[in-house]
Amino acid sequence: MKTLSIDIRRADPQDADAIATVHDRAWRGAYAGIIPHRPLNAMIGRRGPRWWANAIRRSATVLVMEIGGEIAGYATLGRNRASELKQNGEIYELYLSPEYQGIGLGRRLFEAAREMLVAHGFQGLVVWALEENIGAISFYEGAGGRDAAEGVEVFDSKALKKVAFVWD
Ligand SMILES: CC(C)(COP(=O)(O)OP(=O)(O)OC[C@H]1O[C@@H](n2cnc3c(N)ncnc32)[C@H](O)[C@@H]1OP(=O)(O)O)[C@@H](O)C(=O)NCCC(=O)NCCS
């Protein structure tokens with residue numbers, strides 16, 4: 001039996017292609033049937049390898065989870081953008097390729113992102129999830145998040161509720 005190593009590290013611009021692929025597959029898996037097809041395609045189209053390479057080179061903090069040399073997931077994090085919430089940090093995105101979901105890897109990536117926020121001096125963290133993304137909602141509830149605020153995102157003419165989970 002082959003043993004695969006799991007590594008969580010800061011992304012390098014050379015990871016841009018692989019992250020774009022994970023992003024595309026994870027977003028279609030999570031949001032098809034929730035976000036209308038047209039805006040979903042447009043959002044995914046904007047986030048190609050070039051977009052990711054720029055994001056990695058700029059200050060945005062991007063973490064990747066690498067399993068046996070393959071990028072299985074990514075997280076982006078930084079300062080909390082919602083002034084009504086007192087927590088300083090935010091995990092903007094946390095996505096795994098569909099074949100890596102449901103086996104405990106999301107929990108590991110979440111903890112690594114949380115530790116990195118602490119290392120950057122942020123106290124507390126916020127994560128937003130669409131209310132219809134039931135898997136994500138269960139995941140953040142299971143990770144001890146407290147449901148602290150609600151908001152709305154509009155995609156074309158469809159308004160979707162989002163929920164903020166916080167950790168102090
Ligand atoms: C959400 C996501 C990051 C969770 O990572 P994961 O590796 O699948 O989750 P884990 O295996 O670490 O599960 C941890 C806990 O979350 C819960 N959970 C995870 N996915 C779930 C799902 N689809 N439905 C219900 N509960 C789920 C489980 O209860 C699990 O608890 P357990 O350990 O007691 O069984 C991952 O499934 C993913 O990338 N999903 C698609 C994209 C997405 O929705 N991202 C979040 C956007 S806000």
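Student: How do S1 and S2 run, parallel or antiparallel, and how many bridges join them?

Tutor: S1 and S2 run antiparallel, with five bridges between them. Two strands count as paired when DSSP finds at least two bridges between them. Helices (H or I, at least four residues) and strands (E, at least two) are DSSP runs, numbered from the N terminus. This is a predicted model, where local features need pLDDT of at least 70 and side-chain atom pairs count only at pLDDT 80 or more, while totals for chains, interfaces and linings use all residues. Residues are numbered from 1 along each chain as its sequence is written.

Student: Okay, which residue in S2 stands opposite arginine 9?

Tutor: Valine 64 does.

Student: What about S2 and S3, how many bridges do they pair over?

Tutor: Seven bridges, in the antiparallel sense. Isoleucine 67, for one, has glutamate 70 in S3 as its bridge partner. S2 and S3 form a hairpin with two residues between them, and glycine 68 in that turn has a positive phi of about 55°.

Student: Now the helices. How many residues does H4 have, and how far does it reach?

Tutor: H4 covers residues 105-119, which is 15 residues, and it reaches 21 Å from its first C-alpha to its last. That is close to the 21 Å expected at 1.5 Å a residue. The expected span is 1.5 Å times one less than the number of residues.

Student: Which residues of H4 are buried?

Tutor: Gly106, Leu109, Phe110, Ala113 and Leu117. Buried means 20 or more other C-beta atoms lie within 10 Å of a residue's own; exposed means 12 or fewer, and partly exposed is in between, with C-beta atoms placed from the backbone.

Student: Why are those on the same side of H4?

Tutor: Because they cover an arc of only 100° around the axis. The arc is that of the directions from the helix axis to the C-beta atoms.

Student: And what does the face turned away from the buried side carry?

Tutor: Exposed residues: Arg107, Glu111, Glu115 and Ala119. Glutamate 111 counts as exposed because it has 12 other C-beta atoms within 10 Å.

Student: What do the buried residues of H4 pack against?

Tutor: Strands S1 (6-10), S2 (61-67), S3 (70-79), S4 (89-96) and S5 (125-130), plus helix H5 (134-142). Two residues are in contact if their C-beta atoms, placed from the backbone, lie within 7 Å. Take alanine 113 in H4: leaving out residues up to four places away in sequence, it touches Leu63, Ala75, Leu77, Ile91 and Leu94. Alanine 113 is buried because it has 25 C-beta neighbours inside 10 Å.

Student: What comes after H4?

Tutor: Glycine 121 follows H4, and its phi is positive, near 90°.

Student: Back to S5: how many of its residues are buried?

Tutor: Five of the six, so S5 is largely enclosed by the rest of the structure. S5 pairs with S4 in the parallel sense over two bridges, and glutamate 90 stands opposite valine 126 in S5.

Student: Which residues of H5 are buried?

Tutor: Ala136, Phe139 and Tyr140. They're on the same side of H5 because they cover an arc of only 90° around the axis. They pack against H4, S5 and S7. The face of H5 turned away from the buried side carries Ile134, Ser138 and Gly142, which are exposed.

Student: Changing topic: how many residues surround the ligand?

Tutor: There are 20, and the closest are Gln101, Gly106, Arg107, Gly135 and Ser138.

Student: Last one: where does aspartate 156 lie?

Tutor: In the loop between strand S6 (146-155) and strand S7 (158-167). Most residues other than glycine have a negative phi. Aspartate 156 is exposed, with 12 other C-beta atoms within 10 Å.

Key
Near = placed C-beta within 6 Å.
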